[in-house]
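Work through the exercises below with the sequence and the 3D structure at hand. Try each task before reading its solution.

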Amino acid sequence: MITNLKQFTEFIRSNATGGGILIACVVVSLIIANTGFNPSFNNILTTQLGAYTTLAWINDGLMAIFFLLVGLEIKDEVLNGELSDKQSATLPIFAAIGGMLVPAGIYALININTATGKGWGIPMATDIAFVVAIISIIKSRVPQSLQVFIKALAIVDDLGAILVIAIFYSAGLHTTYLLLALAMFILQLIFNRFNVRYLAAYLIPGVFMWYFIHHSGIHATVAGVLTAMAIPHNIKLDFSPLKKLIHLLENPVNFIIVPLFALANSNINIMESLAGSNIINPLSAGILFGLLLGKPVGITLFSWLAVKLKLSKLADGVKWTQVWGIGQLAGIGFTMSIFMALLSFADAGLQSQAKFTILITSLLAAAIGYIFLAKIKKVEA
């Protein structure tokens, strides 16, 4: 199942370290939000830098780079990785589908006919950096095949999140900007067709595409994914532009962009969030039960069905209890769940309420998943 052990090891190491930095940024952001530093920090976030605020540049600009890396990794896995053959790809694909549909369904049922119904995409997401950070701590008790499984699952999960953002979380569409963005994408595809291997030939049109998509009504991060699709990758060549760009982006994304996003969006005033109506309500319940219960149920159930129907098989050395444990860890939806919450609600109060619930739920999912997997008898890969 493992096609490139060195690449996989580097992925785990990079994301584990990035997860540690991410956790530190969350703690710092919470400290700032609950001390006298908060007004100054908010002033920084709302400062205009050209056409957009600092926060907008982080959430719409830097996160487009994050999605560019996600798109590159998805393409690499489909062409030459865990998703490149049916036997390796089917189980995490079914698991990811279950891990998206069941949490979204739970949230939708709890929030039916409410003002917060639009947030059904929030519990669909999995934060791979946090999950890998937990896995790295207890890796002696988690078979390597299971570690590959959670990586592939998270990749498919990210792809699902991208599709949800593009289809369901877009504002009114502006045809002119869409056509201009399409022209940039076609230009990238032409460069790909003629085997142009200079990254600038794809990244420069990608910047223009980001601008046009930002004004089109579709969320600008989609530009990162489309650019990733256009960048060539031929494993038979000595030089792969796609692999080079992954290598260039991994550290900045894991160590700067994602932690910066967490720092900017985790500034939650705990005392205000704990006040009365912020605790028991459909929004919080939908996120809590969606991530904490829906994720493990969806992942385990759809995996079991795929194996039972002989559409896939469980990797050697992996137990169903461990699949449940991985599903529990997948309830750590932090970065992507917060991103979905920002897209779902314009109201700052709802955003704050959602972020607080995501934080608490992700901590619970991490603790439960860690304890569950740590107590399972060590299984050799």
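This is a predicted model: local features need pLDDT of at least 70, side-chain atom pairs count only at pLDDT 80 or more; totals for chains, interfaces and linings use all residues.

**Exercise 1. Find how helices H7 and H8 are oriented relative to each other.**

Solution. Helix H7 spans residues 175–193, and its axis lies 8 Å from that of H8, at an angle of about 160°. Next, apply the cut-off: angles over 145 degrees count as roughly antiparallel. H7 and H8 are therefore roughly antiparallel to each other. Last, the handedness: H7 and H8 make a left-handed crossing.

**Exercise 2. Do the analysis for helices H8 and H9, and state the handedness of their crossing.**

Solution. H8 covers residues 200–216 and H9 covers residues 222–230; their axes are 9 Å apart and the packing angle is about 150°. This angle makes H8 roughly antiparallel to H9. The crossing of H8 and H9 is right-handed.

**Exercise 3. Classify the arrangement of helices H12 and H15.**

Solution. The axis of H12 (residues 282–308) comes within 9 Å of the axis of H15, and the two cross at roughly 25°. Angles under 35 degrees count as roughly parallel, so H12 is roughly parallel to H15. Their crossing is right-handed.

**Exercise 4. Why can helix H14 be called largely enclosed by the rest of the structure?**

Solution. First, recall that a residue is buried when its relative accessible area is under 20%. Then go along the helix, residues 334–344: 11 of the 11 residues are buried, so H14 is largely enclosed by the rest of the structure. Among these buried residues are Phe-334, Ser-337, Met-340 and Ser-344.

**Exercise 5. Describe the largest pocket: its volume, its lining and the helices that supply the lining.**

Solution. The space in the largest pocket is about 850 Å³. The lining has 37 residues, and those closest to the centre of the pocket are Leu-55, Asn-59, Leu-342, Phe-345 and Gln-351. Sorted by class, the lining contains 16 nonpolar, 17 polar and four charged residues. The helices that each supply at least two lining residues are H2 (38–45), H3 (54–80), H10 (241–265), H11 (270–273), H14 and H15 (348–375). H15 gives the largest share, with six residues.

**Exercise 6. Is Gly-121 buried or exposed?**

Solution. Begin with its place in the chain: Gly-121 sits in the loop between helix H4 (86–110) and helix H5 (128–137). Its relative accessible area is 0%, so Gly-121 is buried. Then look across the chain: the C-alpha atom of Gly-121 is 7.3 Å from that of Val-164, and the two residues are 43 residues apart along the chain.

**Exercise 7. Examine phi and accessibility for Asn-113 and Lys-310.**

Solution. Most residues other than glycine have a negative phi. Asn-113 has a positive phi, near 60°. Asn-113 belongs to the loop between H4 and H5, and with a relative accessible area of 79% it is exposed. Phi of Lys-310 is also positive, near 60°. Lys-310 lies in the loop between H12 and helix H13 (320–329). A relative accessibility of 74% makes Lys-310 exposed, since the cut-off is over 50%.

Note on methods
Residues are numbered from 1 along each chain as its sequence is written. Side-chain values use heavy atoms; hydrogens and water are left out. Buried means under 20% relative accessible area, exposed over 50%, partly exposed in between (1.4 Å probe, protein chains only). Helices (H or I, at least four residues) and strands (E, at least two) are DSSP runs, numbered from the N terminus. On a 1 Å grid over the protein atoms alone, a cavity is a set of points where a 1.4 Å probe fits but cannot get out, and a pocket is an open set with protein on both sides within 12 Å along at least five of seven lines; lining residues have an atom within 4 Å of a point. Grid points are joined across faces, edges and corners, and a volume is the space filled by probe spheres set on the points. Ala, Val, Leu, Ile, Met, Phe, Trp, Tyr, Cys and Pro count as nonpolar, Asp, Glu, Lys and Arg as charged, and the others, Gly among them, as polar. Axes are lines fitted to C-alpha atoms, for helices over the stretch in contact, and angles run from 0 to 180 degrees between N-to-C directions. Angles under 35 degrees count as roughly parallel, over 145 as roughly antiparallel, 65 to 115 as roughly perpendicular and the rest as oblique. A crossing is left-handed if the near helix is turned anticlockwise from the far one by less than a right angle, and right-handed if clockwise.
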